[in-house]
Number of protein chains: 2
Amino acid sequence: MRTLYVELGERAYPIYIGRGLLEQGLYTRHLDSAQALIVTNTTLSDLYLDTVRRNLARVQCDVVQLPDGEAYKNLRELEKIFDALVDGHHDRYSTIIALGGGVVGDMAGFAAACYQRGIQFIQLPTTLLAQVDSSVGGKTAVNHPRAKNMIGAFHQPVAVVIDTDVLESLPVREYRAGLAEVIKYGLIRDAEFFDWLEARAPALSERDPEVLREAIYRSCHNKSEVVAGDERERGDRALLNLGHTFGHAIETATGYNSWLHGEAVAAGMVMAADMSVREGRMGAPARDRIVSLFRQLSLPTAPPALCPEEFRSLMGQDKKVERGQMRLVLMDGIGEACVTADFEPQALDATLDAMRSAS
Amino acid sequence: MRTLYVELGERAYPIYIGRGLLEQGLYTRHLDSAQALIVTNTTLSDLYLDTVRRNLARVQCDVVQLPDGEAYKNLRELEKIFDALVDGHHDRYSTIIALGGGVVGDMAGFAAACYQRGIQFIQLPTTLLAQVDSSVGGKTAVNHPRAKNMIGAFHQPVAVVIDTDVLESLPVREYRAGLAEVIKYGLIRDAEFFDWLEARAPALSERDPEVLREAIYRSCHNKSEVVAGDERERGDRALLNLGHTFGHAIETATGYNSWLHGEAVAAGMVMAADMSVREGRMGAPARDRIVSLFRQLSLPTAPPALCPEEFRSLMGQDKKVERGQMRLVLMDGIGEACVTADFEPQALDATLDAMRSAS
């Protein structure tokens with residue numbers, strides 16, 4: 001097992017990465033009282049719920065099962081978590097345990113941020129995407145019907161426990177979608193990591209456990225450095241949104257139920273790369289390397305067919321919009337990204353047009 | 001106009017108290033961009049909405065009108081605020097302006113805490129209760145059907161603007177309910193203020209403007225000192241909940257729609273005083289002074305008829321419950337209160353029994 005720390009002063013917490021960690025149950029040492037609520041989904045409960053519950057046999061352990069999927073990440077489903085907390089008389093020393101992917105983690109974390117104005121929570125991420133990205137950093141949220149992650153809170157977990165064994169049973173689409181966020185760290189701040197990933201594309205495709213564990217470790221290391229430097233996204237943390245303004249538009253336009261988040265982000269990163277080339281920030285060969293790696297990993301390299309007007313309108317709902325001005329994460333090369341409003345609207349139009357014909 | 005400051009470092013903010021402040025519109029200087037959303041209720045919008053909107057003529061100013069009353073302080077109604085923010089393309093520099101009483105302030109503040117994971121908000125409290133208590137200190141929340149204020153956040157406003165002229169048109173029941181929270185400050189930490197209020201009971205009953213402004217100033221002064229010393233209620237801030245464990249049980253039992261919050265708190269403070277006497281903490285004369293002042297101000301001095309078992313069960317849902325143990329704010333005398341789990345269950349039973357026959 002390897003351990004990383006997210007250095008956030010009194011809100012600092014460990015990330016444990018290793019095999020069999022759900023079984024070992026070291027997360028129980030982070031409970032603050034004899035009450036816990038496991039939040040999971042109907043798919044995962046068959047796989048891991050009993051294991052986790054066994055480790056919590058000596059405390060009051062309630063369970064909420066949410067329906068599976070981004071389409072259910074809304075206020076209505078969130079109420080189920082509050083109902084369970086109230087019904088079980090959970091007090092402010094209780095702990096929510098998020099056992100699941102990004103949707104479960106975001107909802108459980110947001111419920112923890114709000115219940116009694118804040119109780120603690122532990123992340124047990126069970127998808128690659130949640131392990132390398134959403135479980136670390138304290139961003140929690142639900143979706144608004146017309147805008148993704150629009151209602152939420154910054155609320156850090158007290159521990160993140162990454163059991164890499166769970167990836168063996170992850171559906172292939174979910175697995176690939178997670179790789180998109182792994183590659184993102186290479187693109188925004190770690191060129192050496194991108195090279196490393198590029199050289200190991202076949203091993204990644206085959207879920208080589210050693211390569212995967214190293215990729216997760218390096219991803220979490222990058223994420224925790226960024227979060228420690230800018231917890232509330234007043235600066236560099238926004239770089240983690242590479243491809244996300246495009247990606248959120250794709251997810252919202254398709255009703256949160258046909259594209260996985262990581263898939264939408266992959267297409268979005270290609271769009272950001274394409275725009276960066278058109279803006280003269282990055283050479284075309286860099287973009288082509290990205291597209292090539294995504295193809296090797298069977299990730300999307302273009303958005304679905306949407307009319308450019310709708311796409312632009314949805315992008316205008318993004319949280320990075322400031323005082324009416326759209327801001328995007330663009331690239332100055334592999335490993336170098338920036339948040340900027342300094343781009344030609346025509347470059348965006350050209351990218352949308354080009355991608356429309358590509359899809 | 002008099003100004004107080006809530007000293008909370010980078011979250012510090014002013015409380016302005018004076019006549020005609022809604023008309024003067026000094027709150028506009030606290031906007032951070034050219035976007036604002038006024039949250040108000042259907043009763044108040046007839047009275048003050050045009051005045052406030054006139055001061056915001058030069059910015060994008062949207063409006064949400066919520067139904068009036070504690071019964072609507074829930075997640076469903078909260079969605080209306082998020083809908084308006086998304087529809088108006090409000091970005092993270094937008095400002096929510098809460099124009100109303102405690103319900104509007106709590107909901108607008110909680111929406112501000114969650115929208116885009118936190119935008120700023122301004123309190124324009126229009127009831128006495130909101131002016132002396134709920135608008136100051138950053139506690140925001142909605143109710144769960146079975147537990148009051150159970151879902152919320154600590155989120156400080158950027159300014160509180162108290163226009164004392166609005167109290168002239170406040171319905172008499174609402175006005176009296178606000179006085180309960182004024183008296184609370186005397187009871188928990190300011191005996192001299194209690195004496196001052198006792199000596200001015202007739203003037204308070206008649207809404208003497210000078211006496212009222214001084215009472216509001218001293219209440220806000222007490223509140224801001226407590227909040228500055230313990231923003232997140234890890235210690236002394238809990239004293240502000242004198243009478244509230246009893247009061248919340250009354251509000252929840254009666255469906256949030258027949259007792260006003262201040263009325264329930266008044267009855268709750270009498271119950272806390274009665275228990276303090278039974279526990280030998282406080283002499284009976286002190287309790288009788290409290291009851292006498294409440295009678296002069298036509299405030300309730302006993303709860304509605306509820307069976308003791310139900311009352312105890314509802315009290316067990318309180319946020320002050322810790323590791324299964326109920327904690328109450330009790331009094332050691334007028335001006336001295338403490339949070340304690342150290343009381344005889346029989347004393348609580350006796351108070352519930354005595355009050356049951358009193359009601």
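Biologist: Which residues of α3(A) meet which residues of α4(A)?

Modeller: The model is a predicted one, in which local features need pLDDT of at least 70 and side-chain atom pairs count only at pLDDT 80 or more, while totals for chains, interfaces and linings use all residues. Residues are numbered from 1 along each chain as its sequence is written, and chains are lettered from A and ligands numbered from 1 in the order in which they are written. Two residues are in contact if their C-beta atoms, placed from the backbone, lie within 7 Å. Helices (H or I, at least four residues) and strands (E, at least two) are DSSP runs, numbered from the N terminus. On the α3(A) side, Glu77(A), Leu78(A), Ile81(A) and Phe82(A) take part, and they meet Met107(A), Ala108(A), Phe110(A) and Ala111(A) of α4(A). By class, this contact has seven nonpolar, no polar and one charged residues; Ala, Val, Leu, Ile, Met, Phe, Trp, Tyr, Cys and Pro count as nonpolar, Asp, Glu, Lys and Arg as charged, and the others, Gly among them, as polar.

Biologist: At what angle do the axes of α3(A) and α4(A) cross?

Modeller: Axes are lines fitted to C-alpha atoms, for helices over the stretch in contact, and angles run from 0 to 180 degrees between N-to-C directions. Helix α3 (residues 75-87) and helix α4 (residues 102-114) of chain A cross at roughly 55 degrees, and their axes come within 10 Å. The pair α3(A) and α4(A) is therefore oblique; angles under 35 degrees count as roughly parallel, over 145 as roughly antiparallel, 65 to 115 as roughly perpendicular and the rest as oblique. The crossing of α3(A) with α4(A) is right-handed. A crossing is left-handed if the near helix is turned anticlockwise from the far one by less than a right angle, and right-handed if clockwise.

Biologist: How do α11(A) and α12(A) pack?

Modeller: Helix α11 (residues 261-278) and helix α12 (residues 284-296) of chain A have axes 9 Å apart, at an angle of about 165 degrees. That angle makes α11(A) roughly antiparallel to α12(A). The crossing of α11(A) and α12(A) is left-handed. From α11(A), the residues Ala266(A), Met269(A), Val270(A), Ala273(A), Asp274(A) and Val277(A) meet Ala284(A), Arg287(A), Ile290(A), Val291(A) and Phe294(A) of α12(A). The residues of this contact comprise nine nonpolar, no polar and two charged.

Biologist: Is Thr245(A) buried or exposed?

Modeller: A residue is buried if 20 or more other C-beta atoms lie within 10 Å of its own, exposed if 12 or fewer, and partly exposed in between, with C-beta atoms placed from the backbone. Thr245(A), in helix α10 (residues 244-253) of chain A, is buried because 23 other C-beta atoms lie within 10 Å. Leaving aside residues up to four places away in sequence, Thr245(A) touches Gly268(A), Met315(A), Asp318(A), Lys320(A) and Leu328(A).

Biologist: Where does Asn55(B) lie, and what does Asn55(B) touch?

Modeller: Asn55(B) belongs to helix α2 (residues 42-55) of chain B. With 17 C-beta neighbours inside 10 Å, Asn55(B) is partly exposed. Beyond residues up to four places away in sequence, the contacts of Asn55(B) are Gly25(B) and Thr28(B). Leu26(B) is 29 residues from Asn55(B) in sequence, with 8.8 Å between the C-alpha atoms.

Biologist: Which residue of chain B has a positive phi although it is not a glycine?

Modeller: Arg117(B) has a phi of about 60 degrees. The loop that holds Arg117(B) runs between α4 (102-114) and β6 (120-125) of chain B, and Arg117(B) counts as buried, with 23 C-beta neighbours inside 10 Å. In chain A, Arg207(A) also has a positive phi, near 55 degrees. Arg207(A) sits in the loop between α8 (201-205) and α9 (209-229) of chain A and is partly exposed, with 15 other C-beta atoms within 10 Å.

Biologist: How many residues of chain B are in contact with chain A?

Modeller: On the chain B side there are 29 residues, in contact with 29 residues of chain A. β8(B) gives the most to that side of chain B, with six residues. By class, the side of chain B that touches chain A has 14 nonpolar, seven polar and eight charged residues.

Biologist: What share of chain A is buried?

Modeller: Buried residues make up 54% of the 359 residues in chain A. Chain A has 14 helices and eleven strands.
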